[in-house]
Amino acid sequence: MSPRIPGAPRTLRSSLPASGVPALPARLPHEACGELEGFDPAWSRLVTVETFDGPRTFHVLDTGPALAEAGLTPTGTILALHGNPTWSYLWRHLAQAAVEQAEADPEAAGARRIWRVIAPDQLDMGFSERLPHARAPRPADPGVRRIADRIADFDALVTTLLAEGAATASGAPASAGDGGSAASGTVSGSAAGDTAASGSTTGSTACEHPVVTIGHDWGGVLSLTWAARNQERVSAAVSLNTAVHQPEGAQLPAPLAAALAGPLLPASTVHTDLFLRTTLSLAKDALSEEAVAGFRAPYRTAAERGGIGGFVADIPATDAHPSHSELQQLGEDIAGFRRPALLVWGPKDPVFLERYLRDLRTRLPQADLHRFETASHLVSEQVDVAGLVLDWLEEQFPAAAAAAAPAPAYAVPASPEASTRTDHIHGPEAARTYVETASGGAESRTDRIRESGALEGGAASAQPLIFDALEERAHDRSLASVDMSQSPPATLTWAQVNARVQAIAAGLVRMGLRPGDRVSMLVPPGNDLTAGLYGVLRAGGVAVVADAGLGPAGMTRAVRSADPQWIIGERPGLTLARLAGWPGRRLSVSALSRAERKALGVEASLEELIDAPEATLPQRLPRPAPEADAAILFTSGSTGPAKGVRYTHERLSALTQALTRVLDVRPGSSLVAGFPPFALLGPGIGAISTTPDMAVTKPRTLTASALADAVEAGGATMVFASPAAYRNVVATAHELTLAQSTACARVRMVLSAGAPVPLELMNSLASVFPNARIHTPYGMTEGLILTDIERTEVARAQAESEQAVRGPEADARTEADELAEAAGSSAADAAVANASAVANAPALGSAARTHVSRDLGVCVGRPVDGVRLALAPIDADGRPADLLLEGEEARGVLGEFIASGAHLKAGYDRLWSTDRAAARDTLDGLLWHRTNDIGHIDAAGRVWLEGRVQHVITTPEGPLGPGGPEAVVDALPHVRRSAAVGVGPAGTQALVMVVEPEPPAAKRLPAHGPAPLGLASAAREAVRAATGRDVAAVLVTSAFPTDIRHNSKIDRSRLARWAAEVLAGGRIRRP
Amino acid sequence: MHVLVTGASGLLGSQTARALLEAGHTVTTLQRRPSGVAGARDVRGSVTDPEAVARAVAGTEAVIHIAAKVSVSGDAADFERINVEGTRALLTAARAAGTRRWVHISSPSVAHAGSSLTGDGARPADPERARGDYARTKAAGELLALAADAEAQAAGEDFRALALRPHLMWGPGDTQLTERIIDRARAGRLPFIGSGAALVDTLFSANAVEAIVAALPALERVHGESLVLTNGQPRMIGELLSRLALAGGAAPPSLHVPVAAGLAAGTVVESAWERLPESVREKGDGEPPLTRFLAEQLSTAHWFDQRRTREVLRWSPRVSIEEGLALTAAHYGGRTV
């Protein structure tokens, strides 16, 4: 850890006695320090075992005795090992979660395994025995516990405890004991006084239940090593941030190198608690004062910190270091681990950097990975790692299997599956393919690995892949692609496009690109991107497409998470890659000068690959497998860090087929590609693509003239763009010349994607493109087309909604009257008696059936051919149910939309937990995607969107999507747009409307704060009439926060926080 | 059922008594001035007068205890005598007379110390932390009623109590809040403290009456509980004051006082008020123009979770805030917007 993190707290200094660091006996934490927050004294015990240098006593967190006390027999064991400078306190959340899981009703649905957690404090660490040191330890000092010693210690200890667990499992529960102090050769604890033979030999330890390891920091590498060397005993391994091995030639992270350099080491680790405090400061936002005290408890004096110094001193910074060869060996051993593995990573760690994760993934290619983008070194203190680990373990070792098969095959040395991939396991990046289950679609969650090398397979090659359309047109000299961003516009024929794609693919392979290698594409849409992208796909690479709209920080985070081996970029992208230190070998698009190459770290250019003499030779590149990854796209990042979304080759192909089926984009069609995801697909369909002249990150820069010129240049009859772009097209339509207007009149289809389009905008577009059908499909990065609707249908749906007579008003009134009568009351005031009770319609209960006959929100039409859409009802607290409704059952219910189809995402990238949550539905054995979008389905089967799951407003009358109230308030005079947000606790929130006024009206209003009475009355009455809900407050703000990618998605979460602050009575700031 | 309503000279008490009569109950009223409720047996006297109390509870089956000293200023001993000792005497007398049901009208201020409340439930009354003599003594009184309930259950006695805490009640004819706001707005003395955007729950008076009446049958199902009573329609304090001013025929307030200044002024006024001559104090409505408590009430959020209240009472407010404002405007000849 770094001793130089800015803002690290003040250090404690305490001097060492002249004799150095003394030996200290092991202690029980609650006896030495009193109770520590979150750490149950019943988990603490002292265990003495024989080690290479004699008997040693360890403090161990062990939930075994507590489970026995509760009459529970473990059906699995988790062996957890902390790093430096923590102790088993690090695993208190895991212990607590495992105990709670164990205590759940075993008969209940979803009952899980009973996991015993065993987490020793390493020797010289935590509350385990302290070794004597002649001075604060330095690298070569004798008496420093070496890596190899620590692995041996762990082995001796867990061997003893696992044997005891086996005894427990066979019907000898630990009995409550005396809890006395430890003596050599005995095991004692606070809750269990059972004994174990000191230094028991490894014998019949093949346990009847899974044994898994988990580690963090140096405990990660040590536990992985032990797991790899004991595969006959270990069923799976988990590691949080750790580093297995220093790659040859790579420098130690600067902070660590500084810590190791001579005189600083004892000062930072032993004499002061700087190292400890700095480590804890990395999670300071997440750690309570009590938790900080818990971590510090065993390290309060210099005499207690010898182990911290010893641990750091044992990091082999040079190959002369005593532990250097052991570190080399364990790196190789870990690569031989054949069991399921899970890596949980906090990327903000300043020491355990991305490169260590990359190294780990090459050693453990089977590992599932979840990155918590916002987390740092102490990842398990910042996010719920315990829950994730238990979820993952349940998936690997279902409780049902424990009940059905008491002696599972976990102890069998090696499964046939594992042995088949032995050859590939040491490869730098074994390509992963995912085996689909027989039921079709649903991915095997264990990510079983199939052969990785042979991409050319029998059945596989029969499936059309996205680049086939280009190869079929290898001799076609007609127009394929027009790039209006070049001056003059650059045109390519199909033959040229194909030649470039083949040359780039061959060149990349020549340079060493291997199937499954990831290639970050930092090229703006146009001919170069088309050639580069299809070239990468043809070569078997995986295109990582991080939209520049994410901004430099967002792109950096996205690219880091995808961890590409290659980067292809233009100067701006390469400069960013250089400055932000992105990984990967770099290629430019055009040839660069030698100086520029050097400055940007560029090896070659696409131009050179295309012009290379070898490029003219016939190439026979293997075809990627249909199940192999083809592309990583990113979500908008409007709800947290952008998520990587995986598309396989077959899913990309399915997407092109969906475009043909739904929108009639087919070979020979000509389209203007102004919306990136769709823009990339045209060449794969055999459709002529024209890229309009616009700044890709600023869709609002597309003018009507530029669009008309693109239509003319490509002879296009279809236009694809985003609503933000179309707004500007409409605004600049008066600049069109007669010729340009004529070109626009040839367009048959206008497609708006990326966000909903208001009918008014569609109508305005219809006057620019008088002969076009105007489509707006609904989709997201994870499923680009789920539903579709055409302008005339939007108008019909809207008219039907406006004509609908509100029915429930009368019902609400009757119910209120009945209640009044039941209460034994009549009207207290004659004038009051006539008042309606609509504003207080009785609570709807937990069912979310909407009480209005009027359909509100954004109508996005019906599911397209190839998509199955289901609905998960929202409960009173705003959570979507696990139950999926379809057909008639789903009508009129507020719910989350869940979709399935061949052209949807294969999964999220390196987000194991997110992926699992989004794809948790198993209806009909399909792979479903939780869209996080909420709304309802009307009587005619049309889908109405009403917002996002996290934007549900949970009023006492039931959950409400923001879309309904917004639709009616948006329609009021002087309102540019509105946002409905909930304020207050879930289940009893107040509904608040935030309005962005039209500019002329805005001038008369305060910039931010309460709306004037007239606007408040109008908005409140409109919402009451349409939804029956009460609006507590109407606020105005002159500028809504929106996401930077589309500039159209309102950041409602931020507005909700702002509204809550304003309505608490605080100072009014801008949102 | 024969019901005693205390404090029936006020708006809430008199309307409750009338509603009970209309529903066919027998009603006795107890207060110092004549109740003016036709058809009720009127006992005149204070809850601190044992003789009047004994006469009032005779023959009743239920008590709705509304009488209290309600003010933001005044002599601490008066609050104690009426709100604590008066409640204690009435409870004792009622139980001795065989009265079995008790609806205790309390205040949300018994449970909080002036901090912001957003969607909170009814927390336990706490005289230690309550702010000011009124809240402190009302808290003690509520605890007495609930203790009597618990004590009766333990002793096998059929006596049950439920505490209702109406929050900021207003409506036509309400002198406590509505007319003070209107009067001050007319005099140009109604300030906004801070932004005026703090979200505050209020209760239209007619709804309060119905909720109290609903508490009698509710006592057969639930007792020993406290429930905050509001319209369940929180509004920004500035908006509500503006609309009440308009309903009263006055202009909406335009005077803005920063929160810190409001709190400071409130503290100063509070401490100085009692030392002012009677003649000065009796000008206006006899209340200090601003207290620290009031300044806090006007500048921080105070709104509540009404789900438990509605579930227990099987009641929901029949008159919405907007309808209530229309009725208030009709009463005072004002406007709604």
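The structure is a predicted model, in which local features need pLDDT of at least 70 and side-chain atom pairs count only at pLDDT 80 or more, while totals for chains, interfaces and linings use all residues. Residues are numbered from 1 along each chain as its sequence is written, and chains are lettered from A and ligands numbered from 1 in the order in which they are written.

Chain B contains 12 helices and 15 strands; helices (H or I, at least four residues) and strands (E, at least two) are DSSP runs, numbered from the N terminus. Of its 337 residues, 57% are buried, a residue being buried if 20 or more other C-beta atoms, placed from the backbone, lie within 10 Å of its own. Two residues are in contact if their C-beta atoms, placed from the backbone, lie within 7 Å. Among contacts in chain B between residues at least 6 apart in sequence, 77% join residues at least 24 apart.

Between the two chains, 48 residues of chain B are in contact with 38 residues of chain A. On the chain B side, at least two residues each come from α1 (11-22), β6 (117-120), α6 (205-218), β13 (235-236), α7 (237-247) and α12 (321-332). Helix α6(B) gives the most, with 7 residues. By class, this side of chain B has 20 nonpolar, 16 polar and 12 charged residues; Ala, Val, Leu, Ile, Met, Phe, Trp, Tyr, Cys and Pro count as nonpolar, Asp, Glu, Lys and Arg as charged, and the others, Gly among them, as polar.

Chain A is assigned domain 1 (29-395), domain 2 (455-648), domain 3 (789-817 + 839-954) and domain 4 (962-1071), with bounds from an automatic or database domain assignment. Here 10 residues of domain 2 are in contact with 9 residues of domain 3. On the domain 2 side, α20 (551-562) and β18 (644-648) of chain A each supply at least two residues, and the largest share, 5 residues, belongs to β18(A).

Also in chain A, helix α18 (residues 494-511) packs against helix α19 (residues 527-538) at an angle of about 50°, with their axes 8 Å apart. Axes are lines fitted to C-alpha atoms, for helices over the stretch in contact, and angles run from 0 to 180 degrees between N-to-C directions. The residues of α18(A) that meet α19(A) include Val497(A), Ile504(A) and Leu508(A), and those of α19(A) include Ala531(A), Tyr534(A) and Val536(A). The residues of this contact divide into 8 nonpolar, 4 polar and 2 charged.

Conventions. Buried ≥ 20, exposed ≤ 12 C-beta atoms within 10 Å, placed from the backbone.
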